[in-house]
Amino acid sequence: MSRFDKYFLMNESDVIEYVKEKLDFFEAGANLTVKEIGDGNLNYVFRVVEEGTDKSVIIKQAGEALRISAEMKVSTDRNRIEAEILQIQDRYAPGLVPKIYNYDTVMCACAMEDLSDHELMRYALMKHKIFPRFADDISTYLVNTLLKTSDVVMDHKAKKALVKSFINPELCEITEDLVLTEPYNDVNKRNLVFEKNADFVKEQLYNDKALHLEVAKIKFEFMNNAQALIHGDLHTGSIFVKENSTRVFDPEFAFYGPMGYDIGNVMANLFFAWDNGNAAGASAFCDWVLKAAADTIDLFNKKFLECFDEYATDVMAKTDGFKQHYLNTVLSDTAAYAGTELIRRTVGMAQVKDVTTIADAEKRAYAERVNILCAKDFIMNRKAFKTGADFVAALKRAAQAAQ
Ligand code: SR1
Ligand code: MG
């Protein structure tokens, strides 16, 4: 009988004992140190290091309540979903996700590769660092994890089995509420509106009925389009970077949903980095961010079409014209969900440090207005966004209009 045979939330010293007892990773008698390094809204992340060596491992455990709010309870099964999806994605996009070593169904904890030689992309971008490989890496990740898990490529019964296995109702509900409902009405009184923009938010978000109709359509697309096995929360806090490496982690919100949700989240979070750089007058950084955003879309388009030609198996999907039609729907969804992410991180409960740490109140208010105006352009005109230049032009239009 072990004390790890029944679930409890571990502290640092529990984790040392856990690693020694449950993992075959370190030699017996190894001198281990541990630190809790979790930075997200949901889970606990421990880094365990063997002193005097370069051996280390990450233990990530799901608590029954979320870190961001003790009242929010979400099934600890999210950790199983995350561990299984990272193993699937490692097959589709090798080298672009961390390795999983073990998943413990009792403790709802997984052991995974330590990427401490990388930086969390959000914080690196807040230091205005640039990552020339990013667009190439993330577009490869997106095409391989999305198109290859869709009905275009997969055997349809095998795909449906994955849909069933990765039904993720509780985490989806968080997105349905925090991303696709509350920013437009504050129905649960959890929005965080920057005082200087209170009237602007009321007029542009709460009172705009035409916007509400489009977001309602987008919400039902999110809930009903089981298109691909998506990451579900692909912001820059879910990406580790270093000069020659990009790794996407933390896919606990994963389920079968629209491809554009992931791509749109990447785009919106690059724009938050632009907000931060722009407020600091970091013009070379801002130019790089916009180039990375445009390249992400253009490389995605190119690789998507190539992957479709090489891997499509469905006979009807190979019909002339279908490939471009399908890509166009993905791009229109990308614009839509870039819009909903821009809005929810600006007025919703879970915001981003790129914007909230802009110390000058006028500059922060300006950044938030840019996000909201750009987002509305994306949502209302979503069918018009096809190239990287189209997406970047919307940010530039909003930057002018928000003056
Ligand atoms: C209650 S969790 C808040 C947010 O954090 C996660 O990273 C997701 O983005 C979620 O919406
Ligand atoms: Mg997360």
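Domain 1 (3-112) and domain 2 (119-401) each give at least three residues to the shell around ligand 1, with domain bounds taken from an automatic or database domain assignment. The model is predicted, so local features need pLDDT of at least 70 and side-chain atom pairs pLDDT 80 or more, while totals for chains, interfaces and linings use all residues. Residues are numbered from 1 along each chain, ligands are numbered from 1 in the order in which they are written, and side-chain values use heavy atoms, without hydrogens and water.

**Shell**
- Ligand 1 is surrounded by 13 residues (a heavy atom within 4 Å), and the closest are Asn-41, Met-72, Asp-233, Arg-344 and Arg-345.

**Polar contacts** (N or O pairs within 3.5 Å)
- Asn-41 places a polar side-chain atom 2.7 Å from an oxygen atom of ligand 1.
- For Arg-344 the distance from a polar side-chain atom to a ligand 1 oxygen atom is 2.8 Å, and for Arg-345 it is 3.0 Å.

**Burial**
- Taken alone, ligand 1 exposes 320 Å², of which the protein buries 96% (Shrake-Rupley method, 1.4 Å probe).

Note on methods
A polar contact is a pair of N or O atoms within 3.5 Å; within protein, one must be able to donate a hydrogen and the other to accept it, and residues adjacent in sequence count only if both atoms are side-chain atoms.
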